[in-house]
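Dear colleague,

I am handing over the structure below, and my notes on what was found in it follow directly after.

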Amino acid sequence: MMCRRAVIAALSLSLVSSVAAPAQPDAAREKRIQWWRQARFGMFIHWGLYAVPAGEWKGQPIAGIGEWIMNRAKIPVKEYELLAGRFNPVKFDADAWVRVAKEAGQQYIVITSKHHDGFAMFGSKASPYNIVDATPFKRDVMKELSAACQKHGVKLCFYYSQSQDWHHPDGLGNTWDYDDAKKNFPKYLNELVKPHVREILTQYGPIGLIWFDTPQRITREQSQELTDLVHSIQPDALVSGRIGNEVGDYRSMGDNQIPARVMDYDWETPVTLNDTWGFKKDDQNWKSTQTLIRQLVDVVSKNGNYLLNVGPTSEGVIPQPSVDRLLEVGKWIKVNGAAVYGAQPSPYPYEFEWGSITAKPGRLYLHVIDWPKRDFMLYGLRSKVKSAHLLAAPGTPLKFMQIQDRTAKLSVLRITLPASPPDKDVSVVALELDGKPTVETGLAQQPDGKVTLSPIFADVTKAPDSGLSIDARGVATRWFNTGDKLSWKFRLYRGGEFRVVLVSSETRGAAGGDNWEGGHKVTVTAGGQSASGAVGDGDRRKNARNPRWQDVYSEIGRVKLSAPGMVDVTVKADSITAAHKMGFTLREVQLVKIEPNIPARAVPAKKRPATRRPAGRAKSGPR
Ligand code: JFZ
């Protein structure tokens with residue numbers, strides 16, 4: 001029997017490869033994806049029979065995500081079916097749900113029409129195992145949601161589990177009731193999936209997209225057939241990347257995964273507000289509002305959409321902590337929405353520690369999270385800035401200057417900001433430019449002196465039998481081989497002495513579990529000098545962009561670099577500990593300048609005219 005960890009690893013691997021290939025680039029797709037690119041922010045709703053047990057079975061808490069309880073507790077079909085008789089969401093109010101999404105600024109709703117448990121949350125003729133025929137509630141909640149969505153101008157979309165169906169004898173995933181070897185998967189596709197897909201596309205008006213999931217062993221022909229079926233009924237409906245076999249209209253990242261760079265294709269990340277999709281009564285591990293806004297702008301800055309989940313209760317209520325956070329995000333969006341809706345990715349391919357950048361024609365938006373103590377500085381912007389203001393204070397222009405440093409071949413934008421940020425979470429500076437944003441796109445040192453090198457930008461040299469791969473987050477994983485090597489080139493603007501810091505990362509989502517190992521000896525060579533040391537676990541920090549993962553910082557030495565110019569960096573492991581089969585996991589290499597680039601006094605003090613110095617106070621130091 002495979003242990004659970006291995007199952008999860010296998011699942012994520014298969015999905016990552018299934019979503020990594022190009023989506024179809026045809027004209028029909030270009031047309032149907034326009035609204036989605038404009039929308040940028042959606043609400044995911046996981047709602048089904050699993051909300052009844054809410055994470056507990058026969059008095060026992062069941063570990064893992066709530067909607068997987070049937071699988072995790074190996075609940076027989078006959079027993080699980082009884083939950084339908086107890087599903088009576090008397091407090092369900094479609095209009096109230098859609099109003100929450102609307103207030104939060106979410107432009108589309110993706111709701112589970114059928115999850116892996118096989119229960120249809122819509123009225124269906126294809127099978128009686130559905131909310132209208134099998135529950136005391138008897139209402140077609142999707143009809144009500146469709147009406148509310150049309151009223152409020154929110155796009156309705158459906159999640160549909162096309163491969164896993166733990167209820168149908170020929171669907172995938174249920175091995176405790178049905179013999180996997182005897183399954184007739186095409187029969188299940190023909191008898192249930194296609195009729196279901198036809199129903200959800202004909203009974204509820206225009207549908208924004210169908211969010212297929214976990215393709216598993218669906219073939220390319222089968223994925224294509226379902227995609228064609230969707231487009232034949234509603235040509236404007238998108239198909240998610242998780243239809244499998246690269247036939248979707250856009251790609252899905254792994255759950256809660258945000259890549260470390262701007263992607264040149266359309267993608268979406270589904271994100272949980274706590275640690276489950278379907279409601280679990282004991283899960284109170286809520287993300288902070290700041291994390292949510294930070295992730296939203298980070299995703300948009302990298303060319304993606306942010307699909308944020310709620311898991312309503314079996315009574316039909318969205319948990320209050322979810323509503324509270326969504327409404328706070330909505331307040332932020334009311335002020336800053338111009339930097340999100342229809343926004344294009346950052347012209348810089350890489351991340352900034354202080355926040356994120358989004359763009360529009362003739363505009364850049366700086367989403368500042370770490371409010372600077374002094375001036376805000378940005379390197380590498382070539383476009384001329386015409387004006388700057390905070391979105392929170394549209395009538396108040398900000399002072400700024402743009403200078404060219406000839407020796408460093410460097411353009412510096414310096415903006416004078418108020419002492420405290422207008423928003424406690426994320427404050428947005430809008431820059432009006434003299435045209436389309438143009439920047440130096442190469443990896444470069446930042447104004448704080450630091451250089452950050454992500455494996456996602458590295459040249460990878462692999463030993464012949466290496467399994468090294470860069471995961472969807474940009475973390476180098478499966479690094480077991482001392483013959484593997486990553487290398488980068490970056491532009492150094494200001495030289496000096498640098499700490500060499502390795503940022504290692506947890507490899508699996510489960511916080512605090514067995515998901516990291518250290519003890520490796522690693523050598524970094526930068527500008528011809530080397531630093532070697534061990535990856536230890538002394539300095540653990542939650543990742544600022546995704547607190548789900550902890551990062552482990554190890555300073556392994558120092559190097560001196562002289563500027564300006566291009567610097568080569570390589571990283572190699574001299575020995576790797578792999579007792580727990582994780583090995584060396586590298587999120588980034590940092591070169592941290594000991595003296596920051598910004599002098600203590602950013603703007604030189606003006607020479608005061610001698611005549612105005614108060615008499616009798618000879619307090620000034622040496623001139
Ligand atoms: C799938 C479902 O199994 C889950 O219940 C939920 O609906 C979620 C949104 O999608 O779970 C996944 C899918 C992909 C990955 C991990 C979990 N992945 O790529 O890492």
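This is a predicted model: local features need pLDDT of at least 70, side-chain atom pairs count only at pLDDT 80 or more; totals for chains, interfaces and linings use all residues.

The shell around the ligand is made up of 6 nonpolar, 6 polar and 4 charged residues. Those 16 residues surround the ligand, and the closest of them are H46, E67, H115, H116 and D213.

For D213, the distance from a polar side-chain atom to a ligand oxygen is 2.7 Å, while an N or O atom in the side chain of H115 is 2.8 Å from an oxygen atom of the ligand. In the case of D255, a polar side-chain atom lies 3.2 Å from a ligand oxygen. Of the 450 Å² that the ligand exposes when taken alone, the protein buries 92%.

Elsewhere in my notes is an open sheet of 3 strands, ordered β13-β17-β16, with antiparallel pairing. Because β13 (376–379) and β16 (400–405) each have a single partner strand, they stand at the edges, and one side of each is left without a neighbour in the sheet. From one strand to the next, the twist averages 20°.

Which residue stands opposite Q402 in β17? Strand β16 is joined to β17 (residues 410–415) by 6 bridges, the two running antiparallel, and the residue of β17 that stands opposite Q402 is L413.

With kind regards

Methods:
Residues are numbered from 1 along each chain as its sequence is written. Side-chain values use heavy atoms; hydrogens and water are left out. A residue is near a molecule or strand if one of its heavy atoms lies within 4 Å of it. A polar contact is a pair of N or O atoms within 3.5 Å; within protein, one must be able to donate a hydrogen and the other to accept it, and residues adjacent in sequence count only if both atoms are side-chain atoms. Accessible areas come from the Shrake-Rupley method with a 1.4 Å probe; for residues, only the protein chains shown count as cover. Ala, Val, Leu, Ile, Met, Phe, Trp, Tyr, Cys and Pro count as nonpolar, Asp, Glu, Lys and Arg as charged, and the others, Gly among them, as polar. Two strands pair if DSSP finds at least two bridges between them. Helices (H or I, at least four residues) and strands (E, at least two) are DSSP runs, numbered from the N terminus. Axes are lines fitted to C-alpha atoms, for helices over the stretch in contact, and angles run from 0 to 180 degrees between N-to-C directions.
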